Amino acid sequence: MKKSRLLFLFAACASLFLSSCEQAPDPEKDPSADAAYKRNHRSELYREAQRSNPQ
């Protein structure tokens, strides 16, 4: 009984994890969607470097 509950819990977590993964759009089909995806997934350090004004 315990093993079946554990297996069910593992399957539920795996399905939630797989459904939450976002895949990048195909750049050949929709370049603007690809650019938006890349902008949203940049690292925070990159964003901070873009905001600062180097002198």
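A search of the whole structure finds one salt bridge, that is, a side-chain nitrogen of Lys or Arg within 4 Å of a carboxyl oxygen of Asp or Glu. The exercises below concern this predicted model, in which local features need pLDDT of at least 70, side-chain atom pairs count only at pLDDT 80 or more, and totals for chains, interfaces and linings use all residues. Residues are numbered from 1 along each chain as its sequence is written, and side-chain values use heavy atoms, with hydrogens and water left out.

**Exercise 1.** Describe the elements of the chain and the confidence assigned to them.

*Solution.* Step 1: the chain has three helices and zero strands, where helices (H or I, at least four residues) and strands (E, at least two) are DSSP runs, numbered from the N terminus. Step 2: read from the N terminus, the order is α-α-α. Step 3: pLDDT, the predictor's confidence in each residue from 0 to 100, averages 76 over the chain, and 82% of the residues score at least 70. Step 4: confidence is lowest in helix α1 (residues 2-20), with a mean of 76, and highest in α2, at 82. Where pLDDT is low, the predicted coordinates should not be read in detail.

**Exercise 2.** Identify the partners in the salt bridge and state how they are placed along the helix.

*Solution.* Step 1: the side chains that meet are those of Lys 38 and Asp 34, at 3.2 Å, N to O. Step 2: Asp 34 is found in helix α2 (residues 31-40). Step 3: Lys 38 and Asp 34 are about one helical turn apart because they stand four residues apart in helix α2. Side chains of opposite charge can pair when their charged atoms come close.

**Exercise 3.** Determine whether Asp 34 and Ala 35 are buried or partly exposed.

*Solution.* Step 1: buried means under 20% relative accessible area, exposed over 50%, and partly exposed in between (1.4 Å probe, protein chains only). Step 2: Asp 34 has a relative accessible area of 10%, so Asp 34 is buried. Step 3: Ala 35, which also lies in helix α2, is partly exposed because its value is 32%. Step 4: of the 55 residues of the chain, 4% count as buried.
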